[in-house]
Amino acid sequence: RIQILFEVMSIVSRSFILFTRGLSARAQSTGVQRGEYAHLTDNDVGVFENMLGTNKVKQSDIEPYLTDWLNTITGTSKLVLTPSTVEEVSAVLAYCHERRLAIVPQGGNTGLVGGSGPIFDEIVLSLEKLNKINFMDPIAGVVECESGVVLQNLFDYVMPHGFTVPLDLGARGSCQIGGNLATHAGGLRVIRYGQLRASVLGLRTVLPAGGKILDSLSRMRKDNTGYDLKQLFIGSEGTLGVITDVTLLLPQASLATNTALFACTSYPDVISCYRTARKHLGEIVSACEFLDNTCMEAVNEKLGLASPFDTSYPFYFLVETSGSDGDHDMVKLERCMDHMFEQNQCLDGVLGSSSDQCAHLMSLRENVSVAMKSYGYNFKYDVSLPTADMYSLVHKVKDRLQEIDNITVGYGHLGDNNIHLNVAIPDFRQEVLELLEPFVFEEVLKLRGSISSEHGIGHKKANFLHYSKSETMIETMKMMKDVFDPHHILNPYKVLPWC
């Protein structure tokens with residue numbers, strides 16, 4: 001699967017057109033202004049060089065750190081710092097706090113909401129050199145590592161010990177575990193392992209004020225002593241503190257994995273297949289995904305990933321099982337498929353007969369976002385809605401944009417009420433943005449959903465936070481920000497409404 005993913009990313013990097021419309025234009029249209037922060041001086045650069053060493057202070061060739069993965073947000077930073085120890089992170093934050101220098105923590109920079117890059121000229125604090133795995137307990141299934149460890153590398157480290165990581169997503173080859181925690185990433189297997197925060201035993205976090213190090217790196221599954229402060233930083237998107245280390249509880253790796261893809265006539269049929277899978281496969285289900293036909297056409301046309309079916313169908317339902325007995329699981333999967341056909345829930349289906357085929361079937365779903373990026377400027381929305389109503393949002397957006405040249409798709413995680421709505425247009429157009437926002441969030445509010453399922457709020461959704469959080473909750477968040485980051489130097493213009 002990893003080889004397939006790398007080949008896909010290579011294809012996209014060769015074919016994708018760089019879009020030069022950065023955040024400066026978008027920021028002007030929404031009214032955000034640079035905060036009253038100090039401006040970087042040559043003296044500041046000298047201080048950082050003495051503090052970290054010249055090899056960890058970058059002033060040239062820093063463009064990749066300044067632009068988000070979608071190439072929609074570009075800052076004007078002049079400095080990137082790459083500390084390699086928690087003490088160095090502490091020293092950097094303490095100095096920035098004293099000088100009132102704005103700074104943005106950055107992991108793999110794979111986010112989709114403008115949360116990990118500079119908006120103006122903030123210093124970029126890259127955690128890429130905090131990449132050591134420090135401890136593994138093969139009996140308890142506990143691993144301790146630094147926040148810059150790439151997710152795929154963590155998989156590779158724990159798998160020989162018989163464990164896996166309770167988080168998996170398409171960007172595993174470049175995203176970092178610290179960024180996953182800061183955004184509280186979801187991924188493909190929440191239905192099996194639950195939300196990531198439930199697997200976090202401990203964190204080490206650096207606070208801006210004085211560079212204080214908050215060490216809660218417990219390796220125990222039970223620690224009922226006082227406030228569970230680590231949970232404040234999970235999902236805070238680097239606005240309260242910088243996560244430098246994490247202790248994770250690992251699930252046992254499955255001995256066998258099977259994947260099946262089903263073709264359906266309608267979204268209600270997808271829901272029927274999902275309910276049948278949950279009923280007949282029970283404890284061995286590890287992923288339940290769906291995608292529409294436009295998604296399938298995108299991965300085929302842009303990435304060369306072939307559909308296993310000779311005919312196109314309106315919708316596709318994918319289920320993955322993970323267990324200890326592959327033959328037993330396959331029998332259950334075949335019986336599940338038989339029931340789907342008997343109940344006319346699907347029109348066709350295919351079971352992966354090898355690990356390569358299973359990986360290919362999963363890649364069709366995993367790489368939709370990559371394929372859509374190749375069509376042009378992307379508006380990507382990651383929202384939670386009642387499962388039965390998820391695809392209704394796609395229909396409403398298509399109706400609203402029917403006079404606009406666009407490609408609109410819907411896909412996502414059925415098991416966790418999470419749909420990804422992607423709208424691609426040739427080039428950025430302000431009128432399209434105004435048609436989509438706040439319309440999408442208003443529709444989410446009507447169904448009592450969430451405007452962010454797993455990508456966070458970042459910069460792009462900050463002014464729409466009130467569609468998911470009450471005024472009282474937002475005011476409480478602001479009070480927390482004041483406590484942990486009194487000068488608001490850490491990742492400004494993110495999460496909380498701009499002010």
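Two strands are taken to pair if DSSP finds at least two bridges between them. In the predicted model described here, an open sheet is formed by five strands in the order E5-E6-E9-E7-E8, with antiparallel pairing. Strands E5 (133–137) and E8 (213–216) stand at the edges, and each has a single partner strand, so one side of each is left without a neighbour in the sheet. From one strand to the next, the twist averages 10°. Strand E5 is joined to strand E6 (residues 142–146) in the antiparallel sense over four bridges. Within this pairing, Ile133 stands opposite Cys145 in E6. Helix H6 (residues 151–158) packs on the sheet, where it touches E5, E6 and strand E9 (242–249). The direction of H6 makes about 40° with that of E5.

Contacts between helices were examined next. Two packed helices are described by the angle between their axes and the distance between the axes. For helix H3 (residues 42–52) and helix H5 (residues 86–99), the axes come within 10 Å and cross at roughly 160°. Because angles over 145 degrees count as roughly antiparallel, H3 is roughly antiparallel to H5. The crossing in which H3 passes H5 is right-handed. On the H3 side, the contact involves Asn43, Asp44, Val47, Phe48, Met51 and Leu52, which meet Glu88, Ala91, Val92, Tyr95, Cys96 and Arg99 in H5. The residues of this contact divide into eight nonpolar, one polar and three charged.

A further helix pair consists of H15 (residues 392–400) and H17 (residues 439–446), whose axes come within 11 Å and cross at roughly 145°. The crossing of H15 and H17 is likewise right-handed. Here Leu393, Lys396, Val397 and Arg400 in H15 meet Phe439, Val440 and Glu443 in H17. Four nonpolar and three charged residues make up the contact of H15 with H17, with no polar residue among them.

Aromatic rings were also considered. A pair of aromatic rings is described by the distance of the centres and the angle of the planes. With pairs counted where ring centres lie within 6.5 Å, the model contains 20 aromatic pairs. One of these is formed by Tyr267 and Phe290, whose ring centres are 5.4 Å apart and whose planes stand at 65°, so the pair is edge-to-face. This pair links distant parts of the chain, since Tyr267 lies in helix H10 (residues 267–281) and Phe290 in strand E11 (residues 285–292), 23 residues apart.

Methods. Residues numbered from 1 in each chain as written. Predicted model: local features only at pLDDT ≥ 70, side-chain atom pairs only at ≥ 80, totals over all residues. Heavy atoms only, no water. Axes fitted to C-alpha atoms, helices over the stretch in contact; angles between N-to-C directions. Helix = DSSP H or I, 4+ residues; strand = E, 2+ residues; numbered from the N terminus. Parallel < 35°, antiparallel > 145°, perpendicular 65-115°, else oblique. Left-handed = near helix turned anticlockwise from the far one by under 90°. Contact = heavy atoms within 4.5 Å. Nonpolar A, V, L, I, M, F, W, Y, C, P; charged D, E, K, R; others polar. Phe/Tyr/Trp six-rings, centres within 6.5 Å; stacked < 30°, edge-to-face > 60°.
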